[in-house]
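The report that follows describes selected local features of one protein model, beginning with a loop and moving on to the ligand and a helix. Please keep the sequence and the structure in view while reading.

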Amino acid sequence: MTKKLTNSDTNLVGMSRRRFLTGTAGLTILGGASHFPMPALAQGSPLKVGLMLPYSGTFAKLGKFVDDGFRLYVEQQGGKLGGREVSFVQVDDESKPEAATDNMNRLVGREKVDVVVGTVHSGVAMAMVKVARDTNTMLIIPNAGANEATGPMCAPHVFRTSFSNWQVCYPMGKVVADAGHKKVVTITWRYAAGTQMVDAFKEGFTKAGGTIAGELALPFPEVEFQALITQIATLKPDAVFAFFAGGGAVKFVKDYAAAGLNKSIPLYGAGFLTDGTIAAQGDAATGIKTTLHYADNIDNPANKAFQGAFKAKTGNDGDIYAVQGFDGAALLNVGLTAVKGDKAARETMVTAMRAAKLDSPRGPMSFSKANNPIQNIYLREVKNGRNELVSIAQANVEDPARGCKLTG
Ligand code: BEZ
């Protein structure tokens, strides 16, 4: 069962609320009045999952694939996780940070979900983490890479099944330097994910001896790239490093090729530049090299099974967003299995999830002390309309979790 929240479901929007203690039986203060609620969920009730994702806007397809991946895993368990039925409430976050706190409060406060799964956009995710921490709500982030979520804002009940912005782009610095490129221009959207991915690339690239010849940016989610592409042509770097995703990535890659720069200045990027976007980019994407924790042709049984099942369910090839959603449900399954479906046993669940080792379509995946995946980062190249695996750029990459106070 899925309940869809719309923007008119605003009863609790803007109210402050705070749930103390642990699990679902906490003391709730609602609009200033405190009371002791019944345990929010009786033993037999389904696990209520709040899906807070972008179902519209430039990241709409990304949100849809996370959602499809999550539901695929649940369907494969017969509609259950750890033997517990699952129900869904979903809300379109529109990739709008300014609406994120209200959206999250609707799920946590009024809908009383057991766990929130979201989101794609780093700015939205940061607001979600704050609410999750304030209300002690379990949160699984199936994409957004905001370093803070598993850095200074880390918490035992906040997990990520995707990546940190640092993790995906730091290894690319050495790849680009090893390819003989000395001067690189970076280009991105000016918001948390773009800034942090470019910073991580710069950290790796300058450490390997490279120089940054220019840093270009435009506000999220603008797609008027022409003036910046002209600046790249004028700066004549050895290579370009880019972060864009979704609809913006499709347009950037097409504009870059239309300007003829793909023939003279090699384009590198975070894998989001070509993942989930490659069909729409067509020939313009050919030859682009990116780093990511996934590649289309990873040759392991988990990936083959996942791709087959995803295609059968949706008619689409699975991409990184679908994998991250799928793994989000797999992680929750580990927790609920450890407590035999008793979702009130939150501490035991969290302990099992922190120790989880997933056989992911991306390859082996475990969790750092900050609850961020430890995983391979692959170098891929667009060939034959696919993000083909070239090599492992860096094995078992662990985000440094700068500022996280959690211990093992
Ligand atoms: C982010 O905002 O964290 C993000 C969005 C799309 C793809 C990758 C990261």
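Asn384 sits in the loop between strand 18 (373–383) and strand 19 (386–397), where helices (H or I, at least four residues) and strands (E, at least two) are DSSP runs numbered from the N terminus. The model is a predicted one, in which local features need pLDDT of at least 70 and side-chain atom pairs count only at pLDDT 80 or more, while totals for chains, interfaces and linings use all residues. Residues are numbered from 1 along each chain as its sequence is written, and side-chain values use heavy atoms, with hydrogens and water left out.

**Backbone features in loops**

The phi of Asn384 is near 50 degrees, a positive value in a residue other than glycine, and Asn384 is exposed, with a relative accessible area of 70%. Here buried means under 20% relative accessible area, exposed over 50%, and partly exposed in between (1.4 Å probe, protein chains only). Lys236, in the loop between helix 6 and strand 13, also has a positive phi, near 45 degrees, and counts as exposed at 60% relative accessibility.

| Cis peptide bond | Omega |
|---|---|
| Gly118 and Thr119 | about 5 degrees |
| Phe220 and Pro221 | about 0 degrees |

**The ligand and its surroundings**

Which residues are closest to the ligand? Of the 17 residues that surround the ligand, the closest are Val120, Ser122, Gly145, Tyr191 and Ala193, a residue being near a molecule if one of its heavy atoms lies within 4 Å of it. An N or O atom in the side chain of Ser122 is 2.6 Å from an oxygen atom of the ligand, and an N or O atom in the side chain of Tyr191 is 2.5 Å from an oxygen atom of the ligand. For Gly145, a backbone N or O atom lies 3.0 Å from an oxygen atom of the ligand. The protein covers 100% of the 260 Å² of accessible area that the ligand has on its own, as computed by the Shrake-Rupley method with a 1.4 Å probe. The shell around the ligand divides into 12 nonpolar residues, five polar and no charged; Ala, Val, Leu, Ile, Met, Phe, Trp, Tyr, Cys and Pro count as nonpolar, Asp, Glu, Lys and Arg as charged, and the others, Gly among them, as polar.

**Two buried serines**

Ser164, in the loop between strand 10 (158–160) and helix 4 (165–178), is buried, with a relative accessible area of 0%. Leaving aside its neighbours within four places in sequence, Ser164 is in contact (heavy atoms within 4.5 Å) with Gly145, Asn147, Asn372 and Asp399.

Ser360 is found in strand 16 (residues 358–360) and is likewise buried, with a relative accessible area of 0%. The side chains of Ser360 and Asp327 are joined by a polar contact of 2.6 Å, which is a pair of N or O atoms within 3.5 Å, one able to donate a hydrogen and the other to accept it.

**Helix 7**

Helix 7 (residues 246–258) has 13 residues and reaches 19 Å from its first C-alpha to its last, close to the 18 Å expected at 1.5 Å a residue, the expected span being 1.5 Å times one less than the number of residues. Among the buried residues of helix 7 are Val250, Phe252 and Tyr256, and what covers the buried residues includes helix 1 (60–76) and strand 11 (183–190). Gly260, whose phi is positive, near 80 degrees, follows helix 7.
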